[in-house]
Amino acid sequence: MTFPENFLWGASSAAYQIEGAWNADGKKDSIWDHFSHEPGHIAHGETGDVACDHYHRFREDVALMKQIGLKSYRFSVSWPRVIPDGTGEVNEQGLQFYSDLVDALLEAGIEPLITLYHWDLPQALYEKGGWKNPESPAWFEAYARVIARRLSDRVRYFMTFNEPQIFIGLGLQIGAMAPFEQNDTDTMLAISRNFYLAHGQAVSALRQEARQPLKIGMAPTGDVYLPKSGTPEDVEEARRASFAVDAGAFTLGNSWWADPIFLGHFSEDAEALFGDRLPRFTPEEWALIAQPLDFYGFNVYQGTTHYPVPADGYPDYAYQGSPRTTLDWNVTPEVMYYAPKFLYERYHLPIMITENGMAGMDWVSLDGHVHDMQRMDFLHRYLLSLGKAIQDGIPVIGYHHWSIMDNLEWCRGYDPRFGMIYVDYRTQKRTLKDSALWYADVIRTNGKSLYALSDC
Ligand code: BGC
């Protein structure tokens, strides 16, 4: 089999994780700049101050992307690089960086996909309450407008948010990511309200300012449960669990965020759990929040993680000696079949895989190459599952490997390496890993090479 025509074979990144240049050319702090400069938040006291120095080396990086043959590249814009105080004055030099990056990508024949928000809230806005402030949807709308005005003549694909599950769930409810807060349920419900409106207002702003027809989506993640067997009952049970709303960490699930945005209402679970405490919206607000989108972006790594992981025993799908990555995440290729299937069947939009990959402890071998066999096998298995979903009629329009290059893995620092391009942080030397060369073949054959060694 080959993949659909015009399939977007891509790779992803995020501003804070690769750009560096944390205070260059008028940029001010994001919450990640701020908290990484406080001791105790990031492994080894590392920061994104320099990271991969992509801000200064993006031309070299785009040349490597071209060498791999990427059809698309998903990156995020740093809000405080473009609007240093979060609202008000626009920083032309910051915008110019993204404009130059887009030009370089287009010149290399690579479709740019922009995520507006990959967690780096301007610190100035955090000091005004951040996502708790009812003004936050208006701040985000104004920022979206600036980006659309400047870049939508050349960029066709936009995503509003990356993973509300993480920046709101882990950042503001569980306290494991910046800004490391643990808020009560009522506050989380108020934050959620602001999030839905911020998404809706940004989509409207993008469409109003668009210089060409745009394709707009979001890039959430969320636990996807795997059926215990292929029986219809087990598949239904896995589907139910995948869209359930957990009474505790309700912000970590899929449907909490996606049902209002993609279906225009809260799920039955959410209604049962919170009743009258749920955010209420006028019909006009619902229309804004749930306005039609073009695709369902999804970041998918493993079957459910059960956060926090139990101290004894294993989370689902792990067992003594089971295949796991450097972050202890399960290798469960079936999730790449069931996630697109469940999400398409519930939300009826084409699926775009916006992130997938694995962390390793790769290093450069004596021969100068990076032999990341495990990543190649991981990708091979996951892509075969994606192919199976496509064969079963699920419309999938793209796949983006996380990540294009090794980078700052948030609180875990630089140890876990997710890239297809190895980065030596001491010299900033880049080396294409074996997986990048392997992926180049997959792209060149539009997926056909995946089937060479396999009868799947
Ligand atoms: C995020 C990335 C992150 C990756 C691996 C996703 O949650 O969007 O920023 O590096 O997973 O943890």
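How many residues does helix α5 (residues 92-107) have, and how far does α5 reach from its first C-alpha to its last? In this predicted model, helix α5 has 16 residues and reaches 22 Å, which is close to the 22 Å expected at 1.5 Å a residue.

- The buried residues of α5 are Gly94, Leu95, Phe97, Tyr98, Ser99, Leu101, Val102, Ala104 and Leu105.
- The cover over these buried residues includes α1 (15-18), α3 (54-68), α4 (79-82) and α7, together with the strands β2 (72-76) and β3 (111-117).
- Just after α5, Gly109 takes a positive phi of about 75°.

**Helices α7 and α9**

- Helix α7 (residues 136-151) packs with helix α9 (residues 185-209) at an angle of about 25°, their axes lying 8 Å apart, and because angles under 35 degrees count as roughly parallel, α7 is roughly parallel to α9.
- The crossing in which α7 passes α9 is right-handed, and the residues making the contact include Phe140, Ala144 and Ala148 of α7 and Leu197, Ala198 and Ala202 of α9.
- By class, this contact of α7 with α9 has ten nonpolar, four polar and four charged residues.

**Helices α14 and α15**

- Helix α14 (residues 335-347) and helix α15 (residues 373-391) pack with their axes 7 Å apart, at an angle of about 35°, and their crossing is right-handed.
- Val335, Met336, Tyr337 and Pro340 of α14 make the contact with Tyr382, Ser385, Leu386, Lys388 and Ala389 of α15, and these residues divide into seven nonpolar, one polar and one charged.

Key. Residues are numbered from 1 along each chain as its sequence is written. This is a predicted model: local features need pLDDT of at least 70, side-chain atom pairs count only at pLDDT 80 or more; totals for chains, interfaces and linings use all residues. Side-chain values use heavy atoms; hydrogens and water are left out. Axes are lines fitted to C-alpha atoms, for helices over the stretch in contact, and angles run from 0 to 180 degrees between N-to-C directions. Helices (H or I, at least four residues) and strands (E, at least two) are DSSP runs, numbered from the N terminus. Angles under 35 degrees count as roughly parallel, over 145 as roughly antiparallel, 65 to 115 as roughly perpendicular and the rest as oblique. A crossing is left-handed if the near helix is turned anticlockwise from the far one by less than a right angle, and right-handed if clockwise. Contact means heavy atoms within 4.5 Å. Ala, Val, Leu, Ile, Met, Phe, Trp, Tyr, Cys and Pro count as nonpolar, Asp, Glu, Lys and Arg as charged, and the others, Gly among them, as polar. The expected span of a helix is 1.5 Å times one less than its number of residues. Buried means under 20% relative accessible area, exposed over 50%, partly exposed in between (1.4 Å probe, protein chains only).
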